[in-house]
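Subject: Handing over the structure

Hi,

Here is the structure I promised to pass on to you. Please open it next to this email, and then read on for what turned up in it.

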Amino acid sequence: MSAPTTLEAPRFLPVYFDTLDERALDALPMLAPGFRFSFLWSDEGGAREFTGGLDEFHGYLDQRQAEGQRHHIDVGTREGQVEVVLGHTTRYGARLGNFTFAVWLDAEGRAERLFSGRTERFGKVDIAADTDGETTPASLLPQFLGTLDERPMDVLPMLAPGMEFAVLWSDESGVHEFAGELDEYHGYLEQREPEGQLHHLAVTPRSGRTEVTLGYTTRYGAELGTFTMWVQADDQERVQRFFAGRTLSFSGIWS
């Protein structure tokens, strides 16, 4: 059996985060004309989304409480003109939350789209504590989401005891969140409308026992939205923690 291929490291997002953390307005020249973004997150104030173009991005920057805040990339990769990462934020060294972040780049290396999902659900947990530095293609997430599409209840044996999760998404009725442990996940599965729905994975890196993906969902072939997701596996390759964020802001970009 051949060794798994090592994936290319992200190049744009490390520079973007350093710039955002040090001099936020200096990140604006890194954005392409016609730039669009969607940032989903949850905290003690509830689940929210910022989305739009350059004007809305200025508004997002204006409302940030950025003093002392830093972004740290834990797992990530670049494929073509797309990068996706999993990371965490800190303020003066104290953890704030975990995030996924994806960027689509134009031919000049500027961001055409930014998409992020952020949660404080997992507190101070080091999601990528066992990362060994090598980034390879994901294995658990494709299996987990493929099973969810074909036989949703068959994912339950893939979950570790004490599993924790958060699912954050926006649609025409607003921003929603499901979060909790196994009992709450049963409730999440029961309220889903999975008929005809499939997950399509575009970028899927893994480091240690942690995986992250960028992809999109369809129902009977029609796009529903773009999502990012990360999963942390236990030592038996069961899902110990996961987070998913989905937006309708980028529907239609994958066709």
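This is a predicted model: local features need pLDDT of at least 70, side-chain atom pairs count only at pLDDT 80 or more; totals for chains, interfaces and linings use all residues.

Residues are numbered from 1 along each chain as its sequence is written, and side-chain values use heavy atoms, with hydrogens and water left out.

**Two residues to look up**

Where does Q197 sit? Its place is in strand 10, residues 197-203. (Strands are DSSP runs of E with at least two residues, helices are runs of H or I with at least four, and both are numbered from the N terminus.) Q197 has a relative accessible area of 12%, so it is buried; buried means under 20%, exposed over 50%, and partly exposed in between, using a 1.4 Å probe and protein chains only. Contact means heavy atoms within 4.5 Å. Leaving aside neighbours within four places in sequence, Q197 is in contact with D149, R192, T217, T218, R219 and L224.

T119 is found in strand 6, and it is buried, with a relative accessible area of 0%. The side chain of T119 reaches the backbone nitrogen of R121 at 3.0 Å. Beyond the neighbours within four places in sequence, T119 is in contact with S42, G97, N98, A166, E177 and F243.

Next, have a look at helix 1, residues 12-22, where F12, L13, Y16, F17, T19, L20 and D21 are buried. What do the buried residues of helix 1 pack against? They meet helix 2 (54-63), strand 3 (69-79), strand 4 (82-91), strand 5 (94-105) and strand 6 (111-119).

Strand 3 and strand 4 run antiparallel and are joined by 10 bridges; two strands pair if DSSP finds at least two bridges between them.

**Aromatic rings**

A pair of aromatic rings is described by the distance of the centres and the angle of the planes. Rings of Phe, Tyr and Trp (its six-membered ring) pair if their centres lie within 6.5 Å; planes under 30 degrees apart count as stacked, over 60 as edge-to-face and the rest as tilted. By this rule the count comes to 30 aromatic pairs. Take F115 and F250: their ring centres are 6.2 Å apart and their planes are at 80 degrees, so this pair is edge-to-face. F115 lies in strand 6 and F250 in the segment after strand 14 (239-247), so the pair ties together parts that are 135 residues apart in sequence. F115 is buried at 0% relative accessibility, and F250 is buried at 2%.

Ring pairs also link a cluster whose members include F12, Y16, F17, W41 and F101. A charge sits over a ring if NZ of Lys or CZ of Arg is within 6 Å of the ring centre and within 35 degrees of the ring normal. R113 lies over the face of W104 in this way, at 5.8 Å from the ring centre.

**Salt bridges**

A salt bridge is a side-chain nitrogen of Lys or Arg within 4 Å of a carboxyl oxygen of Asp or Glu. How many salt bridges does a search of the whole structure find? The search finds 15.

- R241 and E164 form one, with the closest N and O atoms 3.5 Å apart. The pair links distant parts of the chain, since R241 is in strand 14 and E164 in strand 8 (residues 159-171), 77 residues apart. R241 is buried at 14%, and E164 is buried at 19%.
- R238 and D234 form another, with the closest N and O atoms 2.9 Å apart. R238 is partly exposed at 23%, whereas D234 is buried at 9%.
- Salt bridges that share partners join D106, E108 and R110 into one network. Within it, the closest N and O atoms of R110 and E108 are 3.7 Å apart; R110 is partly exposed at 25%, and E108 is exposed at 62%.

Happy exploring!

Terms used:
A polar contact is a pair of N or O atoms within 3.5 Å; within protein, one must be able to donate a hydrogen and the other to accept it, and residues adjacent in sequence count only if both atoms are side-chain atoms.
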